[in-house]
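Please read this report with the sequence and the 3D view side by side. Find each residue as it comes up.

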Amino acid sequence: TSSSILKSLMIAKEELELHAIRTGHSHMYLCILKEQKLLDLVPVSGNTVVDVGQDEATACSLLKEMALKIHELVGARMHHLSVCQWEVKLKLVSDGPASGSWRVVTTNVTGHTCTVDIYREVEDTESQKLVYHSTALSSGPLHGVALNTSYQPLSVIDLKRCSARNNKTTYCYDFPLTFEAAVQKSWSNISSENNQCYVKATELVFAEKNGSWGTPIIAMQRAAGLNDIGMVAWILDMSTPEFPSGRQIIVIANDITFRAGSFGPREDAFFETVTNLACEKKLPLIYLAANSGARIGIADEVKSCFRVGWTDDSSPERGFGYIYMTDEDHDRISSSVIAHKMQLDSGEIRWVIDSVVGKEDGLGVENIHGSAAIASAYSRAYEETFTLTFVTGRTVGIGAYLARLGIRCIQRIDQPIILTGFSALNKLLGREVYSSHMQLGGPKIMATNGVVHLTVPDDLEGVSNILRWLSYVPANIGGPLPITKSLDPIDRPVAYIPENTCDPRAAISGIDDSQGKWLGGMFDKDSFVETFEGWAKTVVTGRAKLGGIPVGVIAVETQTMMQLVPADPGQPDSHERSVPRAGQVWFPDSATKTAQAMLDFNREGLPLFILANCRGFSGGQRDLFEGILQAGSTIVENLRTYNQPAFVYIPKAAELRGGAWVVIDSKINPDRIECYAERTAKGNVLEPQGLIEIKFRSEELKECMGRLDPDLIDLKARLQGANGSLSDGESLQKSIEARKKQLLPLYTQIAVRFAELHDTSLRMAAKGVIRKVVDWEDSRSFFYKRLRRRLSEDVLAKEIRGVIGEKFPHKSAIELIKKWYLASESAAAGSTDWDDDDAFVAWRENPENYKEYIKELRAQRVSQL
């Protein structure tokens, strides 16, 4: 069906009519005709029975449905063929006023945003011509235009859209429309009613026409395409399901149609100023990257007039000595060069060029100078606000560095992130080694080396993922988390039950069983968004929601994963290798991935959940060479500085041992980290088999046999009573050794079991290394209540520190809160009430319970000033 429609719609300069007809069964069909020949007959809505009706409103609704159906079928193909608008004429046969000729104009400038305008064909009484006439329900841009009016030539914006499309990206000024489509999509995912959905874009521009370094920026409304630099930015005010009343973000984008999106001094100055604004306002900063790196150029005014001082004027092939300008040209463009005067014997004056400066700013090293400034600014922005880069077009040089410096990165699967073009590398290597940019920096490289978090097929999916990522992030960095109502019941049990090993993704988000029934995991259904999926696959990282509360999640893969190491065409002896990576072990890359995820979550203000299931670190020679110690130490450092609630939970059928326990223990950050274990979880320094090799060796096993085995006890007694008989003693000794050999496998199992009894979660709780044993089925509801409690504590502690001062420790603030709570009427006597999470949350949510204490603290603060 879609191919037939496409074939029909693509016929250039030939009239094409789509007639809507009614059959005897009252079904509405699209009858596709070409030269009065039937090409196809397509139901508008499958088998849905529809009626044209008697009024224009019903007909209008039907035609819009038809247009959207066509867009769904062929819209993507149309965009690929650079068709952004198509028009169909229909004749509706009806007994009412809807009867007559109609025109449906569908516009799709981005490939993802569809606008439908519907017109009647009406005769204008004055001009006696048929014109487009908008219906009462919609007013289109062609209203009143004669049907035979020639189509307008491509506008400047259309030409720029074509240029951007030739570069396989979206024109930068169309991205606000893409954000609008993505916001509508996010609302439609949760509700059919999205009337409150909106996106308002206000462009940011230099306050002065020729603004550069130090020039402030202002917000203004202006038409698209009026930019005079290759960088544009907006403040987007948009309503999302998490912030229905609106949230703001700052978006900055390269204009690929302006000098190939290159970075010159003015672009660098603009980028730095916008970045500083995002940091100042604590707003998320989204960078849409499509560029060719730092700008390169030459002074054309010098190029067009320079002369060559030949060694022999009569024989240029013998070489030259210098490049110069005539006296006249030097007088005209002297500011473009640094030159010294030379007078020939003939009296001719020549200005020998020592350096070319150029009248235009942005020809060479000044661009690198500016690149350093924006690299510094964007790196700082990662620490001070939320930064995210979406690689929507090729990203080169400083653009690639920005993608990494902003840390969070989404890459389109058909766009590269590179430092140098492949042709330049080939020239450097002296042979044709690389064949494309994608070979150097496509997703097969960048999504597997830790640079790219997510990959997407197109710009709409990329923007949708930006919005989904933002759904876990506060409106202003440092503000409250965007908590939404969870559609997944809080008190449901965790239905996924690990058997021999714990599948990390099933434990997080659930899994479908063999009958197709969903078995829920710990976190809300469909809320988990995995990042770094292609990198260091033995660790799983991402963001999820627990009862509507955004959290960061780190889990450990239990299966052996294969790491693919690609061959480098630049090294003829290299070849592609698959390296196995054992599950439940931290390697240099997976430890780095864990530390990076912690850093990102902390910057975003997300509570942290670690589903710990790790036997230790890989400590081979190559691992130590590749930095396993450095990576493991970074985990400790990032946990030590974690400023949000953090939970370490050893789930069902999981274990945590040795160095893996050390780097995530609660002692690293006791004010923030709480450790828990499932009833069947295990933990110790070594595994039981390794422990008995040290602490329960064969001699000790034999002693245990001699103490417990009745036969051995009897044989030893008989040996002692042999009264020195040599033959009886030798016989009994052989019997004892044979018995020990027979029992050794059994007692080895007993020793392993005895060692396992040191690994239990009950012992962990008894020694105080975990707070509590939490059953797997109840973990979801338990951690939800505990998380709410911890967040409530943090909100009040933050208020207290805001009154007293940031130097007042978080721990002291919690102790003060505990004192207030236990002294309140809401808490009964006894210290155990402090552990009642629901009661504390209810107490904290009523400011009347502690407002007097806050007033007293403010008074003390004022008196100390």
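## A buried pair

Arg657 and Asp759 are both buried. Buried means under 20% relative accessible area, exposed means over 50%, and partly exposed is in between (1.4 Å probe, protein chains only). The side chains of Arg657 and Asp759 meet in a salt bridge, 3.0 Å from N to O. The term salt bridge stands for a side-chain nitrogen of Lys or Arg within 4 Å of a carboxyl oxygen of Asp or Glu. This pair links distant parts of the chain, 102 residues apart. Arg657 sits in strand β33 (residues 655–657). Asp759 sits in the loop between α22 (726–756) and α23 (761–766). Helices (H or I, at least four residues) and strands (E, at least two) are DSSP runs, numbered from the N terminus.

This is a predicted model, in which local features need pLDDT of at least 70 and side-chain atom pairs count only at pLDDT 80 or more, while totals for chains, interfaces and linings use all residues. Residues are numbered from 1 along each chain as its sequence is written, and side-chain values use heavy atoms, with hydrogens and water left out.

Glu121 has salt bridges to Lys89 and to Arg103. For Lys89 and Glu121, the N to O distance is 3.9 Å. Lys89 lies in strand β4 (residues 85–92) and Glu121 in strand β6 (residues 115–123), 32 residues apart. For Glu121 and Arg103, the closest N and O atoms are 2.7 Å apart. Arg103 is in strand β5 (residues 100–107) and Glu121 in strand β6, so this pair ties together parts 18 residues apart in sequence. Are these residues buried or partly exposed? Both Glu121 and Arg103 are buried. Glu121 has 16% relative accessibility. Lys89 is partly exposed, with a relative accessible area of 22%.

## Two crossing helices

Two packed helices are described by the angle between their axes and the distance between the axes. Look at helix α20 (residues 698–708) and helix α21 (residues 710–720). Their axes come within 5 Å and cross at roughly 85 degrees. Axes here are lines fitted to C-alpha atoms, for helices over the stretch in contact, and angles run from 0 to 180 degrees between N-to-C directions.

How are α20 and α21 set to each other? They are roughly perpendicular. Angles of 65 to 115 degrees count as roughly perpendicular, under 35 as roughly parallel, over 145 as roughly antiparallel, and the rest as oblique. Met705, Gly706, Arg707 and Leu708 in α20 meet Pro710, Leu712, Ile713 and Lys716 in α21. Contact means heavy atoms within 4.5 Å.

## Helix α9 and two positive phi angles

The buried residues of α9 are Ile398, Gly399, Ala400, Leu402 and Ala403. After α9 comes Ile407. Ile407 lies in the loop between α9 (398–405) and β19 (409–412). It has a positive phi of about 65 degrees, although it is not a glycine. Ile407 counts as buried, at 10% relative accessibility.

Ala536 also has a positive phi, near 50 degrees, in a residue other than glycine. Its place is in the loop between β24 (529–531) and β25 (539–546). Ala536 is buried at 6% relative accessibility.

## Around helix α13

Ser464 lies in helix α13. It counts as buried, at 14% relative accessibility. Not counting residues up to four places away in sequence, Ser464 touches Ala182 and Lys185.

Glu499 is in the loop between α13 (459–470) and α14 (504–509). Is Glu499 buried or exposed? At 71% relative accessibility, Glu499 counts as exposed. Glu499 and Ala653 are 154 residues apart in sequence. In space they are 6.9 Å apart, C-alpha to C-alpha.
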